[in-house]
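The following paragraphs walk through one structure, from the ligand shell to the sheet and then to the backbone details. Please keep the viewer open while reading.

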Amino acid sequence: MPEKPKSHGRLKTTATLKPRALLQDKPELVGAWEARIITLFPQAFPGVLGESLTGKALQDGLWRLGLIDLRPFGEGKHRNVDDTPAGGGAGMVLRADVLGRALDVAAEGVPTDRARWPIVYLSPRGRPMQQTDAQRFAKADGITLLCGRFEGVDERVLEEYGIEEVSLGDFILTGGEIAAQALIDATVRLIPNVLGNQASTEEESFSNGLLEHPQYTRPATWKGRDIPPILRSGNHAEMERWRKQQSLDLTRARRPDLWRAYCKAHGLDPEQG
Ligand SMILES: C[S@@+](CC[C@H](N)C(=O)[O-])C[C@H]1O[C@@H](n2cnc3c(N)ncnc32)[C@H](O)[C@@H]1O
């Protein structure tokens, strides 16, 4: 019989829901977007999210980070969180009962409506993350992220909790923590007031279904390469036209999938553009 988790494990973990150290002595804005992260490596957070604009926004209480250490939910004296795969095979799998206990704590005080509070398992099997996902997550009240390790998680957990699987791309990471940070970064920068210049999120790649035009800054000539003269002409209408054309050309050359979708949405022939 597996040993029951001791209450101190649960209490300790509940306490970590009050984002340890990260928000102490800092304002907590009512209703601020929150990411709750279930991980075996809570010390990996905030990581890069603690830097620059996302870090400042975290300090200012524009978003919150709740860390749920998976280890105290483990079984037995050693708080085991994983076991061998049913049916054999390499590696270890995170146990359903252990994950379930952590997910129940993560659900405390959050909406059950998945549109308002999605639960996401970072997974190479998931749908590749798109800008539209970041926009959807930013509109929610918050999100719970499950970071996998080893061979991943027991499938029954995904079914039981209605968890969506999101992938960072067609490659394998060692764990979900880096993917979780990428997802949070892409989401938090869309929350009002996080970026100094909100207009930049409207103009950047993917926001309009196209890749962004090339960017230049000083010096005007560098290693014999000039900034395109149009960008120094002061003719804003012409500059806009040039940027749009660059955006179209780049998307067509580099991302045929995006190009086809753009043409379809705008009633264009992908061969002609
Ligand atoms: C070594 S991977 C497990 C890979 C799994 N056995 C498979 O083949 O699909 C361990 C964990 O890293 C995370 N991970 C790995 N690659 C990822 C990706 N491309 N996107 C998101 N998360 C990923 C997941 O949380 C996963 O459970």
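Ala, Val, Leu, Ile, Met, Phe, Trp, Tyr, Cys and Pro count here as nonpolar, Asp, Glu, Lys and Arg as charged, and the others, Gly among them, as polar. By that division the shell around the ligand holds eight nonpolar, eight polar and three charged residues. The model is a predicted one. In it 19 residues surround the ligand, and the closest are Leu122, Gly148, Leu173, Gly176 and Ala179. Strand S5, residues 119–128, gives the most to this shell, with four residues.

Leaving out residues up to four places away in sequence, Leu122 touches Leu145, Cys147, Gly148, Val166, Gly176, Ala179, Ala180 and Leu183.

Next comes the sheet. Five strands form an open sheet in the order S2-S1-S6-S5-S7, with parallel pairing. S2 and strand S7 (164–167) each have a single partner strand, so one side of each is left without a neighbour in the sheet. On average, neighbouring strands are turned by 35° against each other, direction ignored.

Within the sheet, S1 and S6 pair in the parallel sense over five bridges. Ala35 has Ile143 of S6 as its bridge partner, and Ile37 has Leu145 of S6. Helix H3 packs on the sheet and touches S1, S2 and S6, its direction making about 165° with that of S1. Helix H6 (residues 177–188) also packs on the sheet, touching S1, S2, S5, S6 and S7, and its direction makes about 165° with that of S6. S5 and S6 pair in the parallel sense over four bridges, and Tyr121 has Leu146 of S6 as its bridge partner.

How is S6 placed relative to the rest of the structure? Six of its six residues are buried, so S6 is largely enclosed by the rest of the structure. In a regular strand the side chains alternate between the two faces of the sheet. For S6 both faces are covered: Gly142, Thr144 and Leu146 are buried on one side, and Ile143, Leu145 and Cys147 on the other.

Helix H3 (residues 96–106) has Val98, Leu99, Arg101, Ala102, Leu103 and Ala106 as its buried residues. Their cover includes strands S1 (33–39), S2 (63–69), S4 (93–94) and S6 (142–147), together with helix H5 (155–160).

Some backbone details remain. Most residues other than glycine have a negative phi, and most peptide bonds are trans. Phe45 and Pro46 are joined by a cis peptide bond with omega about 5°; Pro46 is in the loop between S1 and helix H2 (52–59). The bond from Arg218 to Pro219 is also cis, with omega near 0°, and Pro219 lies in the loop between helix H7 (199–203) and strand S8 (221–222).

Ser52, in helix H2, has a positive phi near 50°. It has 10 C-beta neighbours inside 10 Å and so counts as exposed. Arg79 has a positive phi of about 55° and is found in the loop between S2 and strand S3 (82–83). With 17 other C-beta atoms within 10 Å, Arg79 is partly exposed.

Key. Residues are numbered from 1 along each chain as its sequence is written. This is a predicted model: local features need pLDDT of at least 70, side-chain atom pairs count only at pLDDT 80 or more; totals for chains, interfaces and linings use all residues. A residue is near a molecule or strand if its C-beta atom, placed from the backbone, lies within 6 Å of it. Helices (H or I, at least four residues) and strands (E, at least two) are DSSP runs, numbered from the N terminus. A residue is buried if 20 or more other C-beta atoms lie within 10 Å of its own, exposed if 12 or fewer, and partly exposed in between; C-beta atoms are placed from the backbone. Two residues are in contact if their C-beta atoms, placed from the backbone, lie within 7 Å. Two strands pair if DSSP finds at least two bridges between them. Axes are lines fitted to C-alpha atoms, for helices over the stretch in contact, and angles run from 0 to 180 degrees between N-to-C directions.
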